[in-house]
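User: I would like a close look at one part of this model. Please keep it brisk and give the cut-offs.

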Amino acid sequence: MKYVTEFRDVDLVKAALGEIRRMVTRPWVLMEICGGQTHSIVRHGLDQLLPPEIELVHGPGCPVCVTPLEQIDRALAIASRPDVIFTSYGDMLRVPGSNIDLFSVRAQGGDVRVVYSPLDALKIAQENPHKQVVFFAIGFETTAPPNVMAVQQAKALGLKNFSVLVSHVRVPPAIHAILGSPSNRVQGFLLAGHVCAVMGYWEYPPLVEKYRVPMAVTGFEPLDLVNGILATVRMLEAGSIEVNNAYGRAVTLDGNKPAQAMIQKVFMECDRKWRGIGMIPMSGWCLRPEYDDFNAEKRFDVADITPQESPLCIAGQIMQGLKKPHDCPAFGKECSPEHPLGATMVSSEGACAAYFKYGR
Ligand code: SF4
């Protein structure tokens with residue numbers, strides 16, 4: 001398949017790895033920001049094929065993992081109401097809150113439905129005018145445009161029974177928080193290609209300039225990932241501090257301008273708590289006040305829920321590149337994909353789940 005098969009070509013991957021081996025002269029710590037990239041790296045064993053000088057650490061870019069526990073508990077409280085149809089992407093259903101998950105709510109009689117798009121949730125709202133229909137709008141910049149479109153359509157249709165529980169996060173403030181930490185180890189970043197396809201990469205040069213850390217926009221196939229690593233190592237070895245686009249077939253500097261304009265109409269930047277990490281200033285998107293009628297947190301008055309995380313979990317340190325999943329004493333014991341204790345085991349894109357699945 002064009003644009004896929006050629007980026008899984010073993011000989012091309014080997015050639016790029018050979019170039020990295022020839023080029024590298026000293027140790028470097030690189031972080032891939034996206035959970036999809038972590039999964040692909042571990043699945044294909046790319047981290048084990050790199051020369052020992054290159055250490056990959058895994059960033060906080062799995063939206064299911066970083067959705068804070070209180071937001072899961074708010075979803076559970078709303079979904080448990082008899083007047084509500086709660087809709088979500090499938091991967092959120094098994095994420096545990098403080099006590100149960102959305103699957104359990106459904107087993108106990110709650111009307112919890114998996115949808116493939118927020119527009120499916122909108123259709124359910126039109127078909128069920130006597131029920132409140134709520135969509136769990138989580139994700140990074142990539143999933144924001146369809147969520148925005150659903151809210152705009154609900155407003156245009158005058159729907160009174162549709163709302164969204166928003167937990168959107170943004171990548172640049174997370175990178176800012178990681179690089180600004182006194183304990184930061186990261187010397188180069190692989191940027192998330194799908195986020196940049198929507199947002200472009202114009203937000204990153206100021207971060208590169210401020211922290212003197214090069215970044216490469218990187219895709220998801222094995223050759224994309226090795227090319228992103230190669231571009232970053234090349235910049236590090238040459239002392240050139242810039243943003244390189246190693247995913248040119250999908251990403252431009254400006255990104256998708258109409259999508260960005262649409263997002264700005266409905267969302268505004270706000271402080272957001274990241275599960276395992278804590279509050280990162282202006283790292284989220286929230287609904288603008290003119291869309292308060294579609295804000296599930298306000299409609300159902302669940303803003304005061306504040307649960308506690310497991311004290312065993314070191315997911316925050318993993319997502320900042322300070323530890324690896326097997327450094328956690330609970331890994332594979334108290335904590336597994338069936339019984340996750342923390343953020344990075346709850347989703348298949350989480351670093352702990354990837355290490356568990358591929359037997360690290
Ligand atoms: S293995 Fe479980 S408890 Fe340990 S860091 Fe990962 S998610 Fe947290």
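Is Asp301 buried or exposed, and how many C-beta neighbours does Asp301 have inside 10 Å?

Analyst: Some ground rules come before the residue. This is a predicted model, in which local features need pLDDT of at least 70, side-chain atom pairs count only at pLDDT 80 or more, and totals for chains, interfaces and linings use all residues. Residues are numbered from 1 along each chain as its sequence is written.

Asp301 counts as exposed, because it has 10 C-beta neighbours inside 10 Å. The cut-offs use C-beta atoms placed from the backbone: buried means 20 or more others within 10 Å, exposed means 12 or fewer, and partly exposed lies in between. Asp301 sits in the loop between α14 (296–300) and α15. Helices are DSSP runs of H or I with at least four residues, strands are E runs of at least two, and both are numbered from the N terminus. The phi of Asp301 is positive, near 50°, and the residue is not a glycine.

Arg212 also has a positive phi, about 55°, without being a glycine. Its place is the loop between α11 (205–211) and β8 (215–218). Arg212 is exposed, because 10 other C-beta atoms lie within 10 Å.

Back to α15, which covers 315–319. Along with α16 (343–346), α15 gives two or more residues to the shell around the ligand. That shell has 16 residues, and Cys313, Cys328, Cys335, Gly342 and Cys352 come nearest. Near means a C-beta atom, placed from the backbone, within 6 Å of the molecule. By class, the shell holds 14 nonpolar, two polar and no charged residues. Nonpolar covers Ala, Val, Leu, Ile, Met, Phe, Trp, Tyr, Cys and Pro; charged covers Asp, Glu, Lys and Arg; the others, Gly among them, are polar.

The largest nonpolar core has 111 residues, and Leu191 and Ile229 touch the most other members. Such a core is a set of buried Ala, Val, Leu, Ile, Met, Phe, Trp, Tyr and Cys residues joined through C-beta atoms within 7 Å. Helix α12 gives the largest share, eight residues. Leaving out residues up to four places away in sequence, Ile229 touches Ile20, Leu30, Leu50, Ile54 and Leu190. Contact means C-beta atoms, placed from the backbone, within 7 Å.

Arg234 belongs to α12 (residues 222–238). Arg234 is partly exposed, because 17 other C-beta atoms lie within 10 Å.

Conventions
Contact = placed C-beta atoms within 7 Å.
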